[in-house]
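Morning, everyone. I have one structure to go through today, and I will keep to a few places in it. Please have the sequence and the model open.

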Amino acid sequence: MIHKFFDRIHMEFFEYKWLEVYKRNKSAVQHENAVFTWNGIFFMLVVDLFLTVFFSLVKNGCLEARVFFFALPVIIITFVIARKIYTMKLPDHFLTVGITYIVGTMILCFCSYMIMEPQIQATFYAFFLVITLLTTLIVDVPIRKLAFLLLWDVMLVATALFGVIDRNRLLSILIHGTIVSLSSFMFGCFTSWRKLKGFDSERELLYISTHDRLTKLRNREKLYQDFDELVTNHQIIGLIIFDINSFKQLNDTYGHVFGDQAIQYVANLLQQSEEHYGIQFYRYGGDEFVGLVLPHGAHDPDRLIPHIKHRVAESQFCALDGTCFIIQVSGGYATYEPGYSLEKLVNQADEAMYIDKAQMKKEGLVSKGEYMK
């Protein structure tokens with residue numbers, strides 16, 4: 001029983017792909033850490049203001065009151081700087097965790113001063129609190145947590161050795177510092193692991209709800225969502241639609257399993273074309289695929305559709321019995337005009353596609369049954 005428990009911990013925690021999952025969920029990590037930073041700084045500001053008022057009333061002009069009072073502008077400036085840096089376009093690693101660590105280090109420098117002042121009763125416990133919060137709550141990979149924890153511990157030891165005269169107080173600081181550092185690191189790794197797993201689960205659920213299971217393309221519901229968003233942001237210039245020629249005949253001849261494989265084949269090629277052509281493709285239904293054409297990429301309809309059709313048809317596709325043939329698709333394009341609905345764009349593109357299908361029928365690439373459907 002115990003052996004299985006430790007095996008599970010080793011498999012799910014120590015063999016966990018920290019960096020891979022971290023990068024996969026970097027937007028969620030960035031949001032989580034930004035919220036933690038803002039909330040942490042705001043909490044510090046409230047506590048510091050309370051302590052300033054408290055010590056001013058209890059002991060007028062005492063050292064604690066002066067220290068906490070002069071800390072107020074430091075906290076406010078720190079907040080403004082952190083906010084400014086977060087709005088800049090910086091590398092993801094620095095953006096997601098760097099600011100929180102920098103803010104934490106600045107706070108620890110202030111706490112180090114408090115440790116060296118024996119008159120201040122709160123002393124080093126503020127230092128431990130910051131270490132615990134940052135190491136525990138910041139979402140990061142263990143190696144970076146450990147690196148910053150060691151840096152902070154060096155600050156603690158240096159401050160204690162050079163700033164504390166009382167040997168008993170020095171010993172207490174070192175003992176408490178060691179215990180809090182180790183425990184916060186272990187619990188911090190555990191909480192980061194739980195949060196990253198949670199991000200992955202949410203991401204997977206979102207993916208399932210917005211993507212077609214067979215083709216891995218975005219589904220029809222996602223098409224409606226993205227269309228509304230792109231129209232609002234003025235980032236759509238047209239819609240393109242494709243379907244597989246003679247698909248019914250293909251299904252009747254080789255079976256639905258092979259028909260699914262043909263749909264996957266076309267969907268995979270369309271997905272590979274997205275970045276180059278500036279199109280977001282969706283499975284509209286059955287063997288039909290719709291693409292929203294964005295303001296980047298190759299957009300000339302007279303060239304765009306033939307290029308994609310050629311890409312689909314340039315290699316042979318083989319049935320389970322070994323019979324190989326070339327899959328052909330027909331396509332149509334509609335230009336977006338202000339006020340157009342998705343349905344109107346699809347209908348216009350659909351009409352253009354059947355004109356294309358009729359031309360391909362003359363060339364013998366589409367069966368009569370397919371043309372009449």
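The secondary structure of this protein amounts to 14 helices and six strands. Keep in mind that this is a predicted model, and every value I quote is computed from it.

Some totals, then. The protein has 373 residues, and 45% of them are buried. It exposes about 21,000 Å², with carbon and sulfur atoms supplying 64% of that area. On contacts, take those between residues at least 6 apart in sequence: 69% of them join residues at least 24 apart.

Now the strands. Please go to β1, residues 238–244. How many of its residues are buried? Seven of seven, so the strand is mostly covered, given that buried means under 20% relative accessible area.

Which strands does β1 pair with? One is β3, residues 288–293, in the antiparallel sense over six bridges. In that pairing, G238 stands opposite V293. Another is β6, residues 329–335, again antiparallel, over seven bridges. There, L239 has A334 as its bridge partner.

Next, the surface. L49, F50, V53, F54, L57 and V58 make a nonpolar patch of about 630 Å². Let me take F50 from that group. F50 sits in helix α3, which covers residues 26–58. Is F50 buried or exposed? F50 counts as exposed because its relative accessibility is 55%, and the cut-off for exposed is over 50%.

For a residue at the other end of that scale, look at T136. T136 is in helix α6, residues 125–137. Its relative accessibility is 6%, and therefore T136 counts as buried.

What does T136 touch, leaving aside residues up to four places away in sequence? The list is K145, S184, F187, G188 and T191. There is also a distance to note for S192: T136 and S192 are 56 residues apart in sequence, yet their C-alpha atoms are 7.6 Å apart in space.

To recap: β1 has antiparallel pairings with β3 and with β6, and its seven residues are buried. F50 is an exposed residue in a nonpolar surface patch, and T136 is a buried one in helix α6. That is what I have.

Notes
Residues are numbered from 1 along each chain as its sequence is written. This is a predicted model: local features need pLDDT of at least 70, side-chain atom pairs count only at pLDDT 80 or more; totals for chains, interfaces and linings use all residues. Side-chain values use heavy atoms; hydrogens and water are left out. Buried means under 20% relative accessible area, exposed over 50%, partly exposed in between (1.4 Å probe, protein chains only). Helices (H or I, at least four residues) and strands (E, at least two) are DSSP runs, numbered from the N terminus. Two strands pair if DSSP finds at least two bridges between them. Patches are made of residues with over 30% relative accessible area and no salt bridge: like charges are joined within 9 Å, nonpolar side chains (Val, Leu, Ile, Met, Phe, Trp, Tyr) within 5 Å. Accessible areas come from the Shrake-Rupley method with a 1.4 Å probe; for residues, only the protein chains shown count as cover. A salt bridge is a side-chain nitrogen of Lys or Arg within 4 Å of a carboxyl oxygen of Asp or Glu. Contact means heavy atoms within 4.5 Å.
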